[in-house]
Structures are given as C-alpha cells and as structure tokens.
Amino acid sequence: MRLRNVRGSREIVDASGYVLKNPSQFKGKWSEVFGRKNPLFLEIGMGKGKFITTLAEQNPEINYIGMEKFSSALVRGLEKQNELALSNLFFLRENAEYLPEFFEQGEISRIYLNFSDPWPKERHAKRRLTSREYFQRYDQVLILDGIVEFKTDNQALFEFSLEEAAAAGWEVIACTTDLHQSDMADGNVMTEYEEKFSSKGNPIFKVIVKKHKKS
C-alpha cells in the first residue's frame with residue numbers, strides 16, 4: 001500500500017538518529033550498534049511502523065530493524081519511535097535488494113514481510129519480496145534455521161510465494177489462508193493495513209518458512 005507524499009519527510013528522515021546511514025559500514029557489527037548481542041529481527045517494507053514498534057516494545061530482549069525505502073512511510077514510524085525511544089529499534093531507508101551488502105551471514109534471525117507490493121505484472125515477478133531471487137538474498141543473511149514470516153491479503157501473491165519458497169528449497173512450517181480464524185492468530189501483531197482490511201471481514205493469508213540447510 002503506497003502512501004501519499006509527506007512534505008519534508010526526506011529531510012526529517014535524514015536528520016533522525018534512529019535512521020542509520022550507510023548501513024554497509026555496520027556489516028558484521030550490528031551487535032555493536034545495539035550495544036548487546038541479542039537476536040536481530042528485520043521487517044522489510046515496514047510502512048507506518050505499527051508492527052515493528054509494537055514488537056520492539058513487547059520484546060526488549062530482541063533487537064529490531066525496520067527497513068522502508070519510502071521516506072513518506074518511514075517518517076510515520078519515526079513519529080512512533082520518537083515517542084517511545086526504544087533502544088532496541090533502528091530504521092533503514094534502503095532497498096531490500098542490497099541486503100547482503102548490509103548484513104553478514106547469520107546476523108539476522110528472522111525476517112518479516114507484511115503486505116508487500118504484489119507487483120502484479122508477470123515481467124516484474126523478480127521484484128516481489130517472496131520471489132526465489134529474494135529468498136536467495138535472505139539465505140545469505142539469516143542464521144541456520146532462520147525463518148521468514150509473510151502476511152498478505154493478496155491470494156495470487158500468496159500462492160506465488162508458496163511456489164517460490166518451495167523452488168528455493170525452503171520448508172513451510174506453518175501456513176493459513178485465514179489468519180484471524182486460525183491457531184496462528186495467537187500473538188499476532190497487526191499492521192495498520194491489516195486492521196483496516198480484516199475489519200471488513202476479508203481473510204489474511206500467512207506462511208512461515210524456514211531456511212533450508214545447505215548440504
């Protein structure tokens with residue numbers, strides 16, 4: 001879901017100490033950024049930031065990074081973080097295409113993908129965050145047995161994601177076509193978009209996949 005342009009958002013993001021610049025300089029050193037060696041969880045495409053800030057507030061023993069390439073979205077997450085001042089949460093205004101440039105193998109324990117852009121045209125399939133090309137990138141930064149959690153309201157994208165995960169050699173460990181009516185609803189943290197969409201009675205699709213072991 002795209003947001004309207006927020007005037008001055010780029011300048012606000014650039015000035016914030018919560019948005020880390022030139023993240024490649026932290027590759028292999030993320031525990032130093034947080035000042036503690038806790039597990040590192042990453043949300044790609046964090047939107048307005050409700051999901052990631054809620055998780056960070058609930059789980060101080062975990063380090064979180066929210067990645068968002070649009071300043072107009074990221075600035076809303078910054079507003080929340082400026083109020084909460086959570087020491088276990090930082091943001092990146094970056095494209096997930098460059099993940100392996102920012103993180104070493106095994107630096108990330110979990111990746112969240114929430115309501116990602118479906119890129120409906122077939123020629124854009126490689127841009128989808130659940131394409132096999134992106135699963136290869138996740139494989140390069142996750143720990144052994146690291147997981148990816150994906151939620152969407154788009155059935156076509158969900159089915160595509162299952163096919164791509166299987167093609168990339170990832171194992172499905174949990175899956176539902178109606179999240180809020182399933183056992184997987186326990187502990188679910190909703191995004192702003194999820195709240196709006198599910199309030200209309202529309203189902204949310206979710207899958208959790210585990211990184212394959214290299215032979």
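This is a predicted model: local features need pLDDT of at least 70, side-chain atom pairs count only at pLDDT 80 or more; totals for chains, interfaces and linings use all residues.
Residues are numbered from 1 along each chain as its sequence is written. Local features need pLDDT of at least 70 and side-chain atom pairs pLDDT 80 or more, while totals for chains, interfaces and linings use all residues, and side-chain values use heavy atoms, without hydrogens or water.

**Helix α6.** Select residues 132–141, which form α6 (helices are DSSP runs of H or I, at least four residues; strands are runs of E, at least two; both are numbered from the N terminus). Its buried residues (under 20% relative accessible area, 1.4 Å probe, protein chains only) are Tyr-134, Phe-135, Arg-137, Tyr-138, Asp-139 and Val-141. Now display β1 (40–44), β4 (108–114) and α7 (155–167), which are among the elements covering these residues.

**The cores.** Select next Trp-30, Ile-44, Leu-99, Phe-103, Ile-111 and Tyr-138, the residues with the most contacts inside the largest nonpolar core, which has 35 residues. Such a core is a set of buried Ala, Val, Leu, Ile, Met, Phe, Trp, Tyr and Cys residues joined through side-chain atoms within 4.5 Å. Apart from it lies another core, of 19 residues, including Phe-51 and Leu-86.

**The cavity.** Finally, select Thr-130, Phe-135, Val-148, Phe-150, Ser-161, Leu-162, Ala-165, Val-207 and Val-209, which line the largest cavity (a set of points on a 1 Å grid over the protein atoms alone where a 1.4 Å probe fits but cannot get out; lining residues have an atom within 4 Å of a point). α7 gives the most to this lining, with 3 residues.

Conventions. Buried means under 20% relative accessible area, exposed over 50%, partly exposed in between (1.4 Å probe, protein chains only). Contact means heavy atoms within 4.5 Å. On a 1 Å grid over the protein atoms alone, a cavity is a set of points where a 1.4 Å probe fits but cannot get out, and a pocket is an open set with protein on both sides within 12 Å along at least five of seven lines; lining residues have an atom within 4 Å of a point.
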